Amino acid sequence: MTAPFRFPRFFVTSPAPCPYLPGRDERKVFTELSGDHADELNEALSRIGFRRSQGVAYRPSCAGCSACVSVRVVAGGFRPNGTQRKLLRRHADLEVTACQPWATAEQFALLRRYLGERHPGGGMAAMDESDYADMVELSPVQSVLVEYREPTGPDGSRGRLVGCCLTDRQGDGLSMIYSFFETQDDSRPGLGNFIIMDHILRARAAELPYVYLGYWVKGSPRMAYKTRYQPLEALTVRGWAPFTGDSPAPIAPPPVETAIEAGET
């Protein structure tokens, strides 16, 4: 008789240049998410610092570096500061819809503008429409694509798409997998921050305790924005603990070499 749950097989990537800290290499440990228990496995791994990318869950496993720290916002305790309240008011007219994860040409055009402005030399810069469709649609877990649109026109026409976020629904919160937004319109500043706050408010309304933001990277200015959302928790050697800017030491990479099955790719 086949066991209902199989221990996952982990792999380790070869070292590659770190996209966040110059002069360092990154390495990841990952496993496949598939089958009837993909949601359960993804949730269990997310609580120990893994992130989902399409059909795999991964986390940093870098030799001699622990700068990447998993962080999550405590949704029920979040109180927007003055700047954040201003952004919430400025974008309160946006129409927000949680859609089935289905890729569209409109979304892809927005993504291309976003990447060209914010990450022109990044790993996603060469992504084509097929790659984007795979990112959105090949989800083995409960996912939605949250769209942010300007108001419907007086003639009933759909408003302009200005933001998107691929989001996983977990038992203990929302995990923001990837967001992108309009960066070339001065009338819509701070959309990235607004999307995060909208997720915090959505989690609170659904009585979900957390919003997972991925990794804060110590020493990387690109990741500093995540500390604006308080109360924030970081995954440490003692479990999840309050993040104050002088957070306890991050949790060590899992000993994948001693896992039941381990490989390298």
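In which loop does Q54 lie?

## Q54 and its backbone angle

In this predicted model, Q54 lies in the loop between β5, which spans residues 51-53, and β6, which spans residues 56-60. The phi angle of Q54 is near 50 degrees, and this is a positive value in a residue other than glycine. That deserves attention because most residues other than glycine have a negative phi.

E207 is found in the loop between α5, covering residues 191-205, and β12. With a relative accessibility of 73%, E207 counts as exposed, since the cut-off for that word is over 50%.

Most peptide bonds are trans. The bond that joins Q230 and P231, however, is a cis peptide bond, with omega at about 0 degrees. P231 has its place in the loop between β12, residues 210-217, and β13, residues 232-236.

## The setting of G159

Is G159 buried or exposed? Its relative accessible area is 7%, so G159 is buried, the limit for that term being under 20%. G159 is found in the loop between β9, residues 143-149, and β10, residues 161-170.

When its neighbours within four places in sequence are left aside, G159 is in contact with R149, E150, P151 and T152. G159 and Y148 are eleven residues apart in sequence, and their C-alpha atoms are 9.2 Å apart in space.

Definitions and conventions: Residues numbered from 1 in each chain as written. Predicted model: local features only at pLDDT ≥ 70, side-chain atom pairs only at ≥ 80, totals over all residues. Heavy atoms only, no water. Helix = DSSP H or I, 4+ residues; strand = E, 2+ residues; numbered from the N terminus. Buried < 20%, exposed > 50% of the residue type's maximum accessible area, 1.4 Å probe, protein only. Contact = heavy atoms within 4.5 Å.
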